[in-house]
Amino acid sequence: MTDEKATSEVLQLTLDDAIQRGLKHNLGLILTGQNQQGASGQRLQQLQALLPNVDASIKEAVQQTNLQAEGLRIPGFPSIIGPYGYTDARASMSWSLLNIASLKSYLASKHYFQEAQLSVQDARDMVVLTVGNAYLTCIADASLIESDQAQVATSKVSLDQAVANHQAGTSPLLDELRARVDYQTQQQSLISAQNQFEKDKIALARAIGLPLEQKFILSDQAPYAVLDDLNPESLVSQAIGSRSDLKALTEDVNGAKDQRSAATAERYPTIDFQGDYGDIGVNLRHSHGTGDASGTLSVPVFQEGKLRGDARLTQSELDQRLAQLSDLNGQINADIRDSILDIQSAQKRVEVSRSNVQLATEALSEAQQRYAAGVSDNLAVSQAQQAMAQADNQYVSSLYQHNVAKLSLARALGLADQNYKRYVGGK
């Protein structure tokens, strides 16, 4: 979400630039920040319930009375009295001196405010994961386009060779038709890859608040760095101490406990004070001080339905928070182990697919040489081209999955905001 206007320049967008823009403009993060402001306001409201309320007023009154309208007819006494008036300058105070329920509600609001602050940090980690994934997707799309362009060029060479051989009478029409089908198939693949690339760039622009009309190019390439020595137990322990969402939920549980205590405290007596003091008279020069003060002890006598209802409601909310906290601890453990498995699997796939690309390249070259020498038809060339395209796609996919898995590990550890570069780039 941004009011930024598109420029005529082509923006050079790095991964770091994209993430910083996302942290500044992403709508989800902005809304989470607004929730924090709301929690701060609720905390102040609960605090006011513990503080004295002081009001000041100045009253100027003028009055005229018609005695006849009131039914009074006194001989020799005027029927209209006045005008007469008075001035009253006064300060009043009310203070709940003892209210355990309000105190517990205020303590709960402090925990909810801390939860909102921690949720902002967790939202920042989610933005890093979302934007990083969108950027890496665009990089993978660009790599697929380069691969498809190379495949189109290779298919064109094979097609030209098949046409020339057919015209020379050294190969059948079937070879030319097969080569033409391969060439057009690669063209279709290139068109689809280009379309997907443009759509994914739009998704990236929306995620980082970039105007959709703004032209930009990705200046970073997909890195590949092996991430070894990943110990699940130590990483889980690290995540338990650093995950902001876990800390936020812990604060939420503590707030629910205080709310449960506040429901119990509704049965306790409360002590309130009310008083005022001021000057009243014909005017301020001819006035006299007056005031009053009162203290009230209130004890709930018959509110059993409300008291039991509040207790059950707050206990239910507390039980839900405790269950969510237990589940989140298990989810963090699973997130860490899943990310490690994905990294290890993706690393092996990258190595195998890289070797497969080399083998497919050699096989294609061998098939082209055999066809050029006239010792075979171009069926082997067609099959080798398909194998080459598949090998390229597998390599791009495995590289993308490897980098996303490392980024997911940084998110699972609660370190994506500060340390995403170190994990994406490797240790």
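Predicted model: local features only at pLDDT ≥ 70, side-chain atom pairs only at ≥ 80, totals over all residues.
Which residues in α5 meet which residues in α7?

1. Residues are numbered from 1 along each chain as its sequence is written, and side-chain values use heavy atoms, with hydrogens and water left out.

2. The protein chain averages a pLDDT of 89, and 98% of its residues score at least 70, where pLDDT is the predictor's confidence in each residue, from 0 to 100. Confidence is highest in helix α6 (residues 244–265), at a mean of 94, and lowest in helix α9 (residues 416–425), at 76. Helices (H or I, at least four residues) and strands (E, at least two) are DSSP runs, numbered from the N terminus.

3. Four strands form an open sheet in the order β2-β3-β5-β6, with antiparallel pairing; two strands pair if DSSP finds at least two bridges between them. The edge strands, each pairing on one side only, are β2 (53–66) and β6. On average, neighbouring strands of this sheet are turned by 20° against each other, direction ignored.

4. Going through the sheet from β2, 13 bridges join this strand to β3, and V62 stands opposite G85 in β3. Strand β3 (residues 80–98) is in turn joined by 11 bridges to the antiparallel strand β5 (residues 270–283), where S96 stands opposite D272. That residue, D272, also stands opposite T296 in β6. Between β5 and β6 (residues 286–298) there are 13 bridges, and a hairpin connects these two strands through two residues.

5. Helix α5 (residues 232–242) packs with helix α7 (residues 304–372) at an angle of about 135°, their axes being 10 Å apart; axes are lines fitted to C-alpha atoms, for helices over the stretch in contact, and angles run from 0 to 180 degrees between N-to-C directions. The two helices are therefore oblique to each other, since angles under 35 degrees count as roughly parallel, over 145 as roughly antiparallel, 65 to 115 as roughly perpendicular and the rest as oblique.

6. As for the opening question, P232, E233, L235, V236, A239 and I240 in α5 meet N329, I332, N333, I336, R337 and I340 in α7, contact meaning heavy atoms within 4.5 Å. The residues of this contact divide into eight nonpolar, two polar and two charged; Ala, Val, Leu, Ile, Met, Phe, Trp, Tyr, Cys and Pro count as nonpolar, Asp, Glu, Lys and Arg as charged, and the others, Gly among them, as polar.
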